[in-house]
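Here are a few notes for a first look at this one. Have the chain open beside you as you go through the points.

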Amino acid sequence: KIALVDSDGTEYSYNELLKKTEFINSKIEGGSLILILASNTVESIIGYVAFIRSKNTSILLDKSFKTSYVEKITKVYKPNYIFCPKNYFNNIKENYVILSFQDYVLVRTNYNKHKKINKKNLLLLSTSGTTQNPKFVRLSNLNLYYNTNNIIKYLKINFKHTTITTMPMAYSYGLSIINTHLLSGSKIVVNNKTIFEREFWTKLHKYKITSFGGVPEFYEQLKKLKFEKFHLPDLKYVTQAGGKIEKGLLKYFRNICKEKKIKFI
């Protein structure tokens, strides 16, 4: 069963995904704090799954955040490991790299392990990268599980579904789409293209995408592209969150989706 499809079309089965997570976890010590610089790439998703399964505490940031902000977080939280794109930091010494995984590296820092780490904190999600303030929402294993499970039940996501990434992985909404589709055994097409690029629509048809999600701005852009003219026979539903959608835009999508037999949630 295929779990992930990379941007170059390479497919990764659930079996491969689990084997890779086990290999990554064999390189890290328990009771550690890990900083993940996430991106919409297969290696980023596999690394994230590995660290979540390891029950260590992870901090999730987007790789688009300024290096100065990430360095500030590193000084404040003192992570034991950093999982990041190879060229993200200029000053990483080779002997600190304990694992090289495609375009990502796992780096061991000089910081000692935290003696009083709260084991309930499985994942720290950034509230905002724009304010440059290191503030996080703390999520436990149960928080993450119930959130993911409830979304799966509500949207009726199953192993036959295929979604495509449209938002940053480190953004809670983008991450929830990854979590829900992996937990339900679905397929995720990893994508970095915008809806203004032909490649995005090619993938939608090629992989028979059944759903995607977006913030209000995403749907404003879809309207500009004249969504009503698109023929997407495999699309079952689309989701919108991350802010209130304007009434006129909502009416437009309600009518178009009703016509195309697509659920707009």
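1. Start on the surface, where L142, Y145, Y146 and L183 make up a nonpolar patch with about 430 Å² of accessible area together. (Patches take residues with over 30% relative accessible area and no salt bridge, joining like charges within 9 Å and nonpolar side chains, that is Val, Leu, Ile, Met, Phe, Trp and Tyr, within 5 Å; areas are from the Shrake-Rupley method with a 1.4 Å probe, and for residues only the protein chains shown count as cover.) Helix α4 (residues 141-155) contributes the most to this patch, with three residues. Y146 sits in helix α4, and its 48% relative accessibility makes it partly exposed. (Buried is under 20%, exposed over 50%, partly exposed in between.)

2. A word on the source: this is a predicted model, where local features need pLDDT of at least 70 and side-chain atom pairs pLDDT 80 or more, while totals for chains, interfaces and linings use all residues. Residues are numbered from 1 along each chain as its sequence is written, and side-chain values use heavy atoms, leaving out hydrogens and water.

3. Now the sheet. Seven strands form an open, mixed sheet in the order β6-β7-β5-β3-β4-β8-β9. At the edges, β6 (97-101) and β9 (136-139) each pair on one side only. From one strand to the next, the twist averages 20°. (Helices, H or I of at least four residues, and strands, E of at least two, are DSSP runs numbered from the N terminus; two strands pair if DSSP finds at least two bridges between them.)

4. Look at β4 (residues 57-62) and β8 (residues 123-126): they pair in the parallel sense over three bridges. L60 stands opposite L125 in β8. Helix α3 (residues 67-77) packs on the sheet, touching β3 (33-38), β4, β5 (81-85), β8 and β9, and its direction makes about 170° with that of β3. (Contact means heavy atoms within 4.5 Å; axes are lines fitted to C-alpha atoms, for helices over the stretch in contact, with angles from 0 to 180 degrees between N-to-C directions.)

5. How many salt bridges are there? The count is four, taking a side-chain nitrogen of Lys or Arg within 4 Å of a carboxyl oxygen of Asp or Glu. In one of them, K113 meets E29, with the closest N and O atoms 3.6 Å apart. K113 is in the loop between β7 and β8 and E29 in the loop between α1 and β3, so this pair ties together parts 84 residues apart in sequence.

6. R108 also forms a salt bridge with E29, at 4.0 Å between the closest N and O atoms. Shared partners join E29, R108 and K113 into one network.

Definitions and conventions
Buried means under 20% relative accessible area, exposed over 50%, partly exposed in between (1.4 Å probe, protein chains only).
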